[in-house]
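Biologist: I would like to learn how to read a model like this one. Could we go through it feature by feature?

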Amino acid sequence: MTARNVISSPRPMRVKFILPALTEATDPYWRPVKYSLFPPLGLATLAAYLGPDDEAGIVDEHVEPLTLDDTPHLVVIQVYITNAYRAYAIADHYRSGGAFVCLGGLHVTSMPDEAAPHADAIFLGPGEQTFPEFLADLRAGVAKRVYASTSGRTLERVPPIRRDLIRRSHYLVPNSIVVTRGCPQHCNFCYKDAFFQGGRGFYTQRVDDALAEIDRLPGRHLYFLDDHLLGDRRFAESLFEGMRGMRRVFQGAATVDSILRGDLVERAADAGMRSIFVGFETLAAENLRRSNKRQNLGRDYKAVADRLHSLGIMINGSFVFGMDDDDESVFRRTVDWAIDHGITTATFHIQTPYPGTELHARMVREGRIVTRDWNLYDTRHVVYRPAKLHPSKLKEGYDWSYREFYRWSAIARASVHHGTLKHQAKHFFYAAGWKKFEPLWDLLIRARQLTRVTPLLEAVLSRVSRRRALTLAPAEAGLFPIFPSATHELNSNGAPASASHRTSAPAFDSIL
Ligand code: B12
Ligand code: SF4
């Protein structure tokens, strides 16, 4: 019986969900930890709509090999911009074998005409409404070529995510969770407006459902992948209220203005928030204006950092280079600002005009797009002509910024910004752990031992006192005998010459 006969009958289907990986993530010699962070939540969300007798499996190519000699009836592939070519090749392979192939996700939504020739059906926008509709059509033998999510978007009464299909041991953060979709803002470089076009651009789960999902997750640590966890004040207040007493520690993302407004961030801290991703993006007002990043305009970034520090929340600052007002001074200015304000980790990006965004449309109008090779749209390559920078200077400045921000001396300088020893230690370990131990991460990934790091992560994310302790000079605070200092010698690898390997859990526990 052919795949097509099975799927248009009431028989159980064999369904394969695939998250293809860009080449770098499958390199046999080097596995950057960022690709082993989070499981494919989107696919596990879709799998929940299958019938009880259907056979389902998720393959995340970032963390495991993909075998192509099987014969699923239905193949569901998630397409991001940098995995698009790989996704199309996999789709072509399975279609030639007779499987029914679905393509969806952010890149398909932006480039439906490009994706369509590789699929039997494509999906635009979020899948909670369209995927179950498609499954019913498929069973009835009337599947359409295009499913576009429009009105009626909701997260109410959605079935629980099929977390049983996720191989937890493959991920550093198996407990990722999303309780909202989209964002109330409209920055014109962001994927969001294109993806949610035609319907609601920001909506939340019911608080009870979100709390029930949290309750189902083992351990203490959670990572909210929501674009803007503080985006709906009433929802966030109730969520944090419900989480008090659950003894969770969590990380999330929010905008500059939401951190300054009201007391939501204090409530988040009380509920267990210990680190936050903040889209600072740029220190130049003109860049903010041109990007329609109005929520950052006129806001005091220092006040944001100070408030988060006082609550013991570590900051992952996001910064974009290459906006039209940026010249060669932007790199040092930004890195100095981040270090001087005690930003724990920084994510730098080269501005990348994603298709479907307002930024991309403007770049096309101005004739400034220089390549449509999607593999290069990874925020590490220059794919357009910057206004005030030579492309090579932009790339060099970006690389320099990462090196400079994550120098041992810079990490130590940023750490001592905090008022308490515990906070300084947490900052230091978190930042160093992230960028200075890549070979160790590589080893842990290969040995499938990432989950061993979870207790360590939870220790680093443990609470620090909210009271601002008297700020001691670093030496007085006893920091330097324990950690490499700004002035200590570095060895030839750029590693501190002494006291550099205190990374075991007991060492953490005694310090924290
Ligand atoms: C977590 C995350 C990662 C993780 C892991 C991703 C994973 N394992 O799923 C890591 C750190 C590895 C990562 C890496 C990168 N990421 Co990323 N990441 C995200 C993030 C923050 C959350 C994704 C998520 O889980 N969402 C929640 C789930 C529930 O939603 P979902 O995955 O979108 O799935 C839903 C729909 O898309 C749809 N759907 C998806 N696929 C399909 C398929 C079918 C058939 C159907 C019916 C529906 C459907 O249905 C799902 C349910 O509604 C998003 C931002 C965001 N809000 O989406 C960025 C984002 C997806 N990443 C982005 C980018 C650019 C990257 C990098 C290139 C960045 C870099 N410099 O390295 C890399 C490359 C990754 C790659 N494989 O190519 C961009 C993508 C832009 C684009 N146009 O494609 C985003 C949107 C961030 C941004 N604002 O720019 N990322
Ligand atoms: S605040 Fe963030 S998620 Fe929201 S539109 Fe702007 S860039 Fe996108």
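Biologist: Which residues are around ligand 2?

Modeller: A residue is near a molecule if its C-beta atom, placed from the backbone, lies within 6 Å of it. Around ligand 2 these residues are Cys 183, Gln 185, His 186, Cys 187, Cys 190, Lys 192, Asp 227, His 228, Thr 255 and Gly 279. They divide into three nonpolar, five polar and two charged. Here Ala, Val, Leu, Ile, Met, Phe, Trp, Tyr, Cys and Pro count as nonpolar, Asp, Glu, Lys and Arg as charged, and the others, Gly among them, as polar.

Biologist: What do the numbers and letters refer to, and where does the model come from?

Modeller: This is a predicted model, in which local features need pLDDT of at least 70 and side-chain atom pairs count only at pLDDT 80 or more, while totals for chains, interfaces and linings use all residues. Residues are numbered from 1 along each chain as its sequence is written, and chains are lettered from A and ligands numbered from 1 in the order in which they are written.

Biologist: Which residues come nearest to ligand 1?

Modeller: Of the 38 residues around ligand 1, the nearest are Gly 42, Gln 78, Gly 104, Gly 105 and Gly 127. Two or more residues of the shell come from each of helix H2 (41-47), strand S3 (74-78), strand S4 (100-104), helix H4 (106-110) and H6. Helices (H or I, at least four residues) and strands (E, at least two) are DSSP runs, numbered from the N terminus. H2 gives the largest share, four residues. By class, the shell around ligand 1 has 22 nonpolar, 12 polar and four charged residues. At least three residues come from each of domain 1 (3-148) and domain 2 (168-405), with bounds taken from an automatic or database domain assignment.

Biologist: How many helices and strands are in the chain, and what percentage of its residues are buried?

Modeller: The chain has 22 helices and 14 strands. A residue is buried if 20 or more other C-beta atoms lie within 10 Å of its own, exposed if 12 or fewer, and partly exposed in between, with C-beta atoms placed from the backbone. Buried residues make up 45% of the 512 residues.

Biologist: What is the largest nonpolar core made of?

Modeller: A nonpolar core is a set of buried Ala, Val, Leu, Ile, Met, Phe, Trp, Tyr and Cys residues joined through C-beta atoms within 7 Å. The largest one has 130 residues, and those with the most contacts inside it are Phe 17, Val 76, Ile 77, Val 101, Leu 103 and Phe 321. Its largest share, six residues, comes from helix H18 (residues 421-435). Two residues are in contact if their C-beta atoms, placed from the backbone, lie within 7 Å. Leaving aside neighbours within four places in sequence, the contacts of Ile 77 include Ile 18, Pro 20, Ala 87 and Val 101.

Biologist: Why do the buried residues of H9 line one face of the helix?

Modeller: An α-helix has 3.6 residues a turn, so residues three or four places apart point the same way. In helix H9 (residues 233-243) the buried residues are Ala 236, Leu 239, Phe 240 and Met 243. Seen down the axis of H9, they fall within an arc of 95°, so they line one face of the helix. The arc is that of the directions from the helix axis to the C-beta atoms. These residues pack against helix H8 (207-216) and helix H11 (264-271). Just after H9, Gly 245 takes a positive phi of about 90°.

Biologist: Which residues are buried in helix H6?

Modeller: In H6 (residues 130-139) they are Thr 130, Phe 131, Phe 134, Leu 135 and Leu 138. Their arc, seen down the axis of H6, is 135°, so they line one face of the helix.

Biologist: Where does Asn 292 lie?

Modeller: Asn 292 lies in the loop between helix H12 (285-290) and helix H13 (301-310). Although Asn 292 is not a glycine, its phi is positive, about 55°. Asn 292 is partly exposed, because 17 other C-beta atoms are within 10 Å.

Biologist: Is Leu 359 buried or exposed?

Modeller: Leu 359, found in helix H15, counts as buried because it has 21 C-beta neighbours inside 10 Å. Leu 359 and Phe 189 are 170 residues apart in sequence and 5.1 Å apart in space, C-alpha to C-alpha.
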